[in-house]
Amino acid sequence: RRFLGSMPKRRRDGGPAGAGAGGKQKQKQKPTKVDHNANLRPRWRRAGAALQLEPYTYTFATHAKARWFGRTVLDVVSDEFGRGREPEYFPWALAHGVVRLEGQQLTPPETKLKGGERLLHTMHRHEPPVAARRMRILAVDGALAAVDKPAPLPCHPCGGYHLNTLKSLLEAALGGRRVHLCHRLDRLTTGLVVFALDGKRAGEVSAQIRGRDCRKAYLARVRGDFPAAAAAGSYEEVAE
């Protein structure tokens with residue numbers, strides 16, 4: 001109600017609306033957040049040296065922002081998400097239920113957005129393949145998993161990659177169990193990546209990495225003559 005600019009109504013006895021005897025406020029149940037992709041099971045296949053994620057249907061969800069309140073659905077999606085799309089796309093998407101408000105099969109384009117609503121957009125996604133060797137799980141214990149990341153595979157969703165990532169591959173290998181990234185390597189970098197099997201442990205490991213309580217070493221392949229000054233020092237000195 002505060003976001004909508006109105007105050008709670010008052011009862012005749014002076015208590016807030018919805019209060020029972022004695023002025024006690026009734027507890028409102030929070031709406032259940034629906035996971036529209038709960039049944040999604042990504043599938044990969046090898047196409048030569050490339051790792052190809054099979055096309056899939058995915059529903060993106062976003063809560064209505066304050067700046068959208070009072071504007072029509074068609075106006076908002078065309079203005080906020082229309083970059084790179086034909087002008088005819090969103091009228092068609094609303095007419096066919098591809099874009100809609102949560103809880104509705106079809107949303108009229110002139111519908112005005114209000115607070116608390118979620119806007120859904122269902123898409124058929126085709127992600128680019130990754131020319132990478134297979135991921136190797138090096139160790140899994142009760143709290144952590146260590147993975148040998150190939151390249152050029154991203155650790156997490158970025159750019160055109162949403163599920164064709166190291167995180168999704170590990171979750172699939174662990175039978176759908178959710179994992180949490182403790183740190184990351186760039187898409188073109190190979191090496192050890194640590195995941196946590198719960199959010200609390202992920203925060204602890206991430207804090208240790210940020211606090212430099214653990215050491216990381218990078219190996220680089222070089223072409224030409226390696227600098228004499230670096231070659232004269234020990235590995236530890238070069239790594240530092």
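Predicted model: local features only at pLDDT ≥ 70, side-chain atom pairs only at ≥ 80, totals over all residues.
Reader: What makes the 17 residues a nonpolar core?

Author: The term asks for buried nonpolar residues joined through side-chain atoms within 4.5 Å. The largest such set here has 17 residues, and among those with the most contacts inside it are Met-135, Val-147, Leu-166 and Phe-195. Two or more residues each come from β7 (144-149), α3 (166-173) and β9 (191-196), with α3 giving the most, at 3.

Reader: Which residues does Leu-170 touch, leaving aside its neighbours within four places in sequence?

Author: Contact takes heavy atoms within 4.5 Å, and on that basis the partners of Leu-170 are Met-135, Ile-137, Ala-145, Val-147, Val-179 and Phe-195. Apart from this core lies another, of 14 residues, including Tyr-89 and Leu-101.

Reader: How do you know that β6 and β7 pair?

Author: Pairing needs at least two bridges, and β6 and β7 have 4, running antiparallel. So by that definition they count as paired.

Reader: Why are β6 and β8 said to stand at the edges?

Author: The open sheet has 4 strands in the order β6-β7-β9-β8, with antiparallel pairing. β6 (136-140) and β8 (180-181) each have a single partner strand, so one side of each is left without a neighbour in the sheet.

Note on methods
Residues numbered from 1 in each chain as written. Heavy atoms only, no water. Buried < 20%, exposed > 50% of the residue type's maximum accessible area, 1.4 Å probe, protein only.
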